[in-house]
Amino acid sequence: MPNRLNLDEFYGKFASEQMCRNYLEKARWGESIVCPKCNAAGKSYRYTSGKLYKCRACHKQFTALVGTIFEDSKLPLQKWFLAIYLATTLRHGVSSSQLSRYLGITQKTAWRMLSKLQYAIQHDNRKGMPEEGF
């Protein structure tokens, strides 16, 4: 079982949106970015904005969120990461009502987040996520 972070360590590791994005990119691709459209490895480059990539092989633009449960979400990655942390570390999990209060979002949004998380866990949809836990 991987070592779990306590809440203070979690906030230190994921203190900003960029830190969350960097973690996701490293977990997904390691050192070589892979285009989600054509699967070309190491042929993509990052735009100066830091969020957007472009593949030299197929010329498609993409972000690290493409093909993940975070794609098309308007919520920041920090909230997603905290939801994952709470859902996986609390002894009895977390309800959508609790999660909505913790994250300052609606109960309906919290329910959708938990549904996506449960689906990803059931279908082992980690796409190269590291063995270390939150």
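I checked the overall size first. The protein chain has 134 residues, for which a compact globule would have a radius of gyration near 14 Å; the chain has 16 Å, which agrees. I took the radius over C-alpha atoms, with the globule rule being 2.2 Å times the number of residues to the power 0.38. Along the principal axes, the C-alpha atoms fill a box of roughly 45 × 30 × 30 Å.

This is a predicted model, so I kept its limits in view: local features need pLDDT of at least 70, side-chain atom pairs count only at pLDDT 80 or more, and totals for chains, interfaces and linings use all residues. Residues are numbered from 1 along each chain as its sequence is written, and side-chain values use heavy atoms, with hydrogens and water left out.

I looked up pLDDT, the predictor's confidence in each residue from 0 to 100. Its mean over the protein chain is 88, and 90% of the residues reach 70 or more.

I listed helices (H or I, at least four residues) and strands (E, at least two) as DSSP runs, numbered from the N terminus. The chain holds 5 helices and 3 strands, in the order α-α-β-β-β-α-α-α.

I then took helix H3 (residues 77-89) and H4, whose axes come within 11 Å and cross at roughly 135 degrees. The axes are lines fitted to C-alpha atoms over the stretch in contact, with angles from 0 to 180 degrees between N-to-C directions. Contact (heavy atoms within 4.5 Å) is made by Lys79, Leu82, Ala83 and Leu86 of H3 with Leu99, Tyr102 and Leu103 of H4.
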